[in-house]
Amino acid sequence: AVEDVADDFDLDIELERDELITLLDRAMDLLPPETRGLLIQHYVEETPQAELAAQVGLSTGAVGVRIHRGKLALRKALVTDLYSEAVAHGLVTPAQADWVETRMWCMRCGKHRLQGRFNHAENFLHLRCPACYERSNGVGTITYTHNNGLRNIKAFKPAYARILNWCYAFYLEQANAGVVSCQCCGRALPLQVGLPPWASNFPGDFSDMRAETIIYDWCDQCKDGAGCNTWSSLALSIPQVQQFWRDHPRMVKLPERHVEIANSPAVLVGYANVTDSAKIEVAFSTNTFEIIYIG
Ligand SMILES: [Zn+2]
Ligand SMILES: [Zn+2]
Ligand SMILES: [Zn+2]
């Protein structure tokens, strides 16, 4: 249950300095003295890592690793011995289902299985890679939603596949040259590229995404949209790419490339198998959002 700590857990951002001192004080008996000392020096006294490194005769990298380990130890204490304090500080969201390891591999690093968590009441599926999540300072949890389509589903891969199939139908099959219909009022909505209007309400979901990779629809009348997607996940929703994924479960995302195909702007995305050279690429027209090429 270590991962129960809020997604954007960051000591110096989440806590006022005196809250942090109190918490570290309470954690004193739970952390090794060196760890506690390091956390206090770094987060409370704001001693730069380089200075700490010089003090203890270690490299800056080694001190960084120790601070990170100390943070993990504290996080562990927060979800066990210090649980009630952590809840009180909003560092832990209580009554949330635990993260569990899924069978799906991370498509970013290809090295770890994704962790998943359902919120059936809100119809959300959350997926994240434990390593990529740590590396990016606790951002990179991807939230998926599917109107009522996730209510009765408990398995992660089928839930994800259901979402992908819905995306394929909505963004590619039913769309007409990049125009979709508002889910509420039926009005024609041209797909947009960039940060969606609701991005500022969910900074954690967007902080590690580049705006030019995001596709969304927005209805000004309903003040609502179906959600947002990326070129890569749009490619993943295509049946041939989903088949490639079934055949190569451990595949990674290829970097997105902007190209010209037949004098029109296009984006090339794809996935490559980790263990051999197999890959699949998809080109989309960035004007019409249509598939130009799969292979
Ligand atoms: Zn990863
Ligand atoms: Zn509408
Ligand atoms: Zn609406």
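In this predicted model, the side chain of H42 has a polar atom 3.5 Å from the backbone oxygen of T47, a polar contact being a pair of N or O atoms within 3.5 Å in which, within protein, one atom must be able to donate a hydrogen and the other to accept it, with residues adjacent in sequence counted only if both atoms are side-chain atoms. H42 is found in helix 3, which covers residues 33-44; helices (H or I, at least four residues) and strands (E, at least two) are DSSP runs numbered from the N terminus. When residues up to four places away in sequence are not counted, H42 touches T47, Q49, L52 and I67, where contact means heavy atoms within 4.5 Å. E46 is placed in the loop between helix 3 and helix 4 (49-56), and its phi is near 55°, a positive value in a residue other than glycine. With a relative accessibility of 54%, E46 counts as exposed, since buried means under 20% relative accessible area, exposed over 50% and partly exposed in between (1.4 Å probe, protein chains only). A positive phi, near 50°, also belongs to A262, a residue other than glycine, which is found in the loop between strand 11 (257-261) and strand 12 and counts as exposed at 71% relative accessibility.

Residues are numbered from 1 along each chain as its sequence is written, while chains are lettered from A and ligands numbered from 1 in the order in which they are written. Because the model is predicted, local features need pLDDT of at least 70 and side-chain atom pairs count only at pLDDT 80 or more, whereas totals for chains, interfaces and linings use all residues, and side-chain values use heavy atoms, with hydrogens and water left out.

The secondary structure of the chain comes to eleven helices and 14 strands, and 45% of its 295 residues count as buried. Of the contacts between residues at least 6 apart in sequence, 48% join residues at least 24 apart.

The largest nonpolar core contains 47 residues, and those with the most contacts inside it are L125, Y160, L236 and F284; such a core is a set of buried Ala, Val, Leu, Ile, Met, Phe, Trp, Tyr and Cys residues joined through side-chain atoms within 4.5 Å. Among the elements that each supply at least two residues of this core are strand 2 (113-119), strand 3 (124-128), helix 8 (156-173) and strand 13 (279-285), and helix 8 gives the most, with ten residues. Apart from its neighbours within four places in sequence, L125 is in contact with residues including F118, I142, Y144, L150, F156, Y160 and I163. A second, separate core of 19 residues includes L23, V44, I67 and L74. L127 is found in strand 3 and counts as buried at 3% relative accessibility, and its C-alpha atom is separated by 6.6 Å from that of T143, 16 residues apart along the chain.

In strand 13 lies E281, which is buried, with a relative accessible area of 14%. The side chains of E281 and R257 are joined by a polar contact of 3.2 Å.

The zinc ion (ligand 2) is coordinated at 2.2 to 2.4 Å by C182 (SG), C185 (SG), C219 (SG) and C222 (SG), which follow the spacing C-x2-C-x33-C-x2-C along the chain. Its four donor atoms subtend angles of 106 to 112°, which makes the arrangement tetrahedral. C185 lies in the loop between strand 5 (179-181) and strand 6 (188-190) and C222 in the loop between strand 8 (214-216) and strand 9 (228-230), so the pair ties together parts that are 37 residues apart in sequence. C185 counts as partly exposed at 34% relative accessibility, as does C222 at 27%.

Key: Donors are N, O and S atoms within 2.8 Å of the metal (3.2 Å for Na, K and Ca); water is not among the atoms, so sites may look incomplete. Four donors count as tetrahedral if all angles lie between 85 and 135 degrees; four count as square planar and six as octahedral if opposite donors are over 155 degrees apart and all others between 65 and 115; anything else is irregular.
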